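Dear colleague,

I am passing on the structure below, and my notes on a sheet and some cavities follow it.

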Amino acid sequence: MGVKNVSEVTEQTWKDEVFPEWGTWLNEEIERTTVPNNKFMMWWLVNMGVWIKTDKQTSIAIDLWCGTGKTTHDKPDMSPRHQWSRLTGGRKIQPNLRSQPMVINPFAIHNLDALLVTHFHHDHIDMNVAAAVLQNTPDIVPFIGPKYVVKQWIDWGVPKERCQVVKPGDTINVADIEISVTDSFDRSVLITDPDSDDLPDDATIPEMDDRAVNYVIKTDAGTIYDAADSHYSAYFAKHGQDFNIDVALVAYGENPVGVQDKMTSVDVLRAAESLNTSVVIPLHWDVWTNMLGNPNEIETLWKMRKERFDYKFHPFLWLPGGRFTYPDDQDKLQYYHDRGFEDRYSHPINLPYKSFL
């Protein structure tokens with residue numbers, strides 16, 4: 001700690017000392033990790049945020065968000081046009097406090113090849129991240145997203161020439177990564193107003209492709225399907241036919257009564273089967289206090305159903321800040337952080353007597 005006396009401690013020194021909670025630990029791990037040939041690695045950055053690094057050391061970040069939820073009770077009610085007001089007819093603000101620490105420092109990111117965002121919900125697109133990428137990474141790093149995502153970036157001051165609008169059917173390349181843009185099935189974003197003075201009439205049927213997309217990320221070692229905040233859709237089966245998917249990332253959570261925003265545990269299994277993936281990883285269940293999911297439920301249901309339906313996939317239960325290596329971890333069911341102490345007894349112990357242990 002920088003200060004030496006309680007008289008020097010302030011709210012700001014406290015914030016500087018403890019935030020972000022993980023400091024640059026994960027930044028350093030990602031940057032210092034060399035991905036071996038014929039593998040790719042991913043790190044979970046909380047919510048739907050993921051970092052993907054290939055064996056050519058190419059790095060992309062998707063939906064990296066470093067914001068917060070509610071921080072005070074003194075908030076006005078939701079407006080009649082808020083998506084949850086439109087869906088439920090309610091006005092009280094949702095008690096969505098952030099439940100996970102900040103595992104990465106966006107301002108300590110220096111090696112990045114592209115920033116991708118799937119849609120404009122503000123737990124997926126972040127002004128802080130945009131500023132950090134502009135300030136601390138090469139000025140050729142592209143900002144990639146659908147129409148309204150790019151509009152948000154430009155409104156925040158991201159240079160237009162750094163932005164690339166994508167829509168389903170597009171294919172883009174970032175070094176050795178091939179990214180196919182596919183349909184989103186995020187029905188919540190269809191009733192969410194973008195940050196704009198020109199708002200559509202309530203009866204307007206919005207264009208999903210302008211608001212949200214899914215990504216298929218093809219590397220030399222395997223392919224990742226990022227379903228972002230998509231709800232379950234029967235059309236996942238078409239994507240499962242169109243692409244050879246190894247790992248699928250989907251949004252799972254507990255939906256409050258009257259709200260359908262995340263996939264349920266059964267939806268996760270149905271999506272994985274439809275996408276014909278080898279591994280399905282539920283995300284998003286971790287971050288909001290009012291929608292916390294229990295991914296163990298997914299594993300339990302998978303065990304109940306896998307023989308009956310002859311599942312060819314299995315779930316992987318991750319933890320925020322954790323690493324997933326493909327194909328090394330393709331058969332693992334659960335992740336646990338490094339437990340440490342692997343150098344035990346490499347030096348003499350320093351105890352009065354051995355039986356002290």
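What volume does the largest cavity have? The volume of the largest cavity is about 50 Å³, where a cavity is a set of points, on a 1 Å grid over the protein atoms alone, at which a 1.4 Å probe fits but cannot get out, and a volume is the space filled by probe spheres set on the points.

Please bear in mind that this is a predicted model, in which local features need pLDDT of at least 70 and side-chain atom pairs count only at pLDDT 80 or more, while totals for chains, interfaces and linings use all residues. Residues are numbered from 1 along each chain as its sequence is written, and side-chain values use heavy atoms, with hydrogens and water left out.

The lining of the largest cavity (residues with an atom within 4 Å of a point) consists of Phe 120, Tyr 148, Lys 151, Gln 152, Pro 194, Asp 195 and Ser 196. The second largest cavity, of about 40 Å³, has among its lining residues Leu 115, His 124 and Trp 153.

Turning to the sheet, seven strands (DSSP runs of E, at least two residues) form an open sheet with mixed pairing, in the order E6-E5-E4-E3-E2-E1-E14; two strands pair if DSSP finds at least two bridges between them. Strand E6 (163–165) and strand E14 (323–326) are at the edges with a single partner strand each, so one side of each has no neighbour in the sheet. Strands E3 (residues 59–62) and E4 (residues 114–116) run parallel and are joined by three bridges, and Ile 60 has Ala 114 in E4 as its bridge partner.

With best wishes

Methods: Helix = DSSP H or I, 4+ residues; strand = E, 2+ residues; numbered from the N terminus. 1 Å grid on protein atoms, 1.4 Å probe; cavity = no way out; pocket = protein on both sides within 12 Å on 5 of 7 lines; lining within 4 Å.
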